[in-house]
Amino acid sequence: MTMLAAEERLIKPHGGQLVDRTGHRPDNVEALEVLTLTSREVSDLDLLACGALSPLEGFMGREDYHSVVEEMHLAGGLPWALPVCLAVDTQPKGDVVALADESGRLLATLEVEDAYGYSRELEAERCFRTTDEAHPGVARLYAQQRWYVAGKVTVFERPQLPFPELAFDPADTRIAFAKRGWRRVVGFQTRNPIHRAHEYLTKVALETVDGLLIHPLVGDTKSDDVPVDTRVECYRVLVDGYYPYDRVLVSAFPAAMRYAGPREAIWHAICRKNYGCSHFIVGRDHAGVGDYYGTYDAQLIFDEFEPHELDIEPMFFEHSFWCRKCGSMASTKTCPHDTGEHVVLSGTKVRELLAAGELPPVEFSRPEVAKVLIDAYRS
Ligand SMILES: [Zn+2]
């Protein structure tokens, strides 16, 4: 089979075509009006550039925005869960503007199609299901400028990832999957080190498909999440020691966390479809924060779409644990024993152990992973 034929067997991108909004730096870019992007908007810009947000070609106009906020669909009818918008303090004057990061580095141009006001409270209520400013996603939204500016982007300067060897765009992961002969691929979103529980569910999922994409989010997270370089080292030692080399790919997902819980689970799934994943793991409280979302909300929201409307297939999981009686990893779905038989440690307890230089039980965490975390705590 040719490579093209192998790629054709993968799931189609959302909307049918992988978008590419990279391009050359125009000669006149220095003369253009400059809009400065927040780090989250820079992450979105990079996702737009590489087609991870296909079919979007730029920041959303008002029709798409209102349709997404109210109906979870783009104006044209495709499912879409979260706004991808660029907030500005004044409406731009020119037809084309330059986009820069907070250091002033020019990244892209935007063909201005629209500028419109919006209600932060309404967006918070619909997208985050709360208007509480203690929610990190709502806090970011409330700190935004008053206008959204919409239009196609052309990106000539991509942000440098801290791990260039993990920087696979959707076109790259699709080629990587095709080269390995994978057709059905499950994506796993993570922003934390992988302990035995997550190793278990990724492997249970992998048993039913051809390949696994471990896709850690490397854009902005809350300051108390584990730093990205430590997490990446954890993934390396875990995959090297415990996964077959030809069945797993670790690659960085350059998105920033929004902490929008259920809606972000849909958004994450659609992005992974663009990377070539046919399946997507959704655990309990996916992309949640605090207690803003019910345990199963991020799974139940998939029912709000017609069958096959999303195309990518969610795989729902319970919390899992080592059961001493079963003598294996299990979950409440598969183990009948008393919780006293289960090796379950709170996040606080794990942090205490690691900070004290002690390995958690091997039933909870692979020692190689725990050692990376202990070293990180000590430095
Ligand atoms: Zn059991």
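Two strands are said to pair if DSSP finds at least two bridges between them. Helices (H or I, at least four residues) and strands (E, at least two) are DSSP runs, numbered from the N terminus. The model shown in these views is predicted: local features need pLDDT of at least 70, side-chain atom pairs count only at pLDDT 80 or more, and totals for chains, interfaces and linings use all residues. Residues are numbered from 1 along each chain as its sequence is written, and side-chain values use heavy atoms, with hydrogens and water left out.

**View 1. Strand β7 and its partners.**
Strand β7 covers residues 147-155 and pairs with strand β2 (residues 58-59) in the antiparallel sense over two bridges. Within that pairing, Phe59 has Gly151 of β7 as its bridge partner. Four bridges link β7 to strand β6 (residues 114-117) in the antiparallel sense, and Gly117 is bridged to Trp147.

**View 2. The sheet of β13, β14 and β15.**
Three strands form an open, antiparallel sheet in the order β14-β13-β15. Strands β14 (328-331) and β15 (342-343) stand at the edges with a single partner strand each, so one side of each has no neighbour in the sheet. Strand β13 (residues 320-323) is joined to β14 by four bridges. Ser320 has Ser331 in β14 as its bridge partner. Helix α7 (residues 196-206) packs on this sheet and touches β13 and β14, its direction making about 80 degrees with that of β14. Contact means heavy atoms within 4.5 Å. Axes are lines fitted to C-alpha atoms, for helices over the stretch in contact, and angles run from 0 to 180 degrees between N-to-C directions.

**View 3. The zinc site.**
The zinc ion is coordinated by Cys323 (SG), Cys326 (SG), Cys335 (SG) and His337 (ND1), at 2.1 to 2.3 Å. Donors are N, O and S atoms within 2.8 Å of the metal (3.2 Å for Na, K and Ca); water is not among the atoms, so sites may look incomplete. The four donor atoms subtend angles of 104 to 116 degrees, which makes the arrangement tetrahedral (for four donors, all angles between 85 and 135 degrees). Along the chain the donors follow the spacing C-x2-C-x8-C-x1-H. Cys323 lies in strand β13 and His337 in the loop between β14 and β15, so the pair ties together parts that are 14 residues apart in sequence. Cys323 is buried, with a relative accessible area of 0%, while His337 is partly exposed at 28%. Buried means under 20% relative accessible area, exposed over 50%, and partly exposed in between (1.4 Å probe, protein chains only).

**View 4. Helices α11 and α12.**
The axes of helix α11 (residues 347-355) and helix α12 (residues 367-378) come within 8 Å and cross at roughly 70 degrees. That makes α11 roughly perpendicular to α12 (65 to 115 degrees). Arg351, Leu354 and Ala355 of α11 make the contact with Ala370, Leu373, Ile374 and Tyr377 of α12.

**View 5. The surroundings of Gly23.**
Gly23 is placed in the loop between α1 (3-8) and β1 (34-36). Gly23 counts as partly exposed, at 29% relative accessibility. Leaving aside neighbours within four places in sequence, Gly23 is in contact with Thr154, Val155 and Phe156.

Terms used:
Four donors count as tetrahedral if all angles lie between 85 and 135 degrees; four count as square planar and six as octahedral if opposite donors are over 155 degrees apart and all others between 65 and 115; anything else is irregular. Angles under 35 degrees count as roughly parallel, over 145 as roughly antiparallel, 65 to 115 as roughly perpendicular and the rest as oblique.
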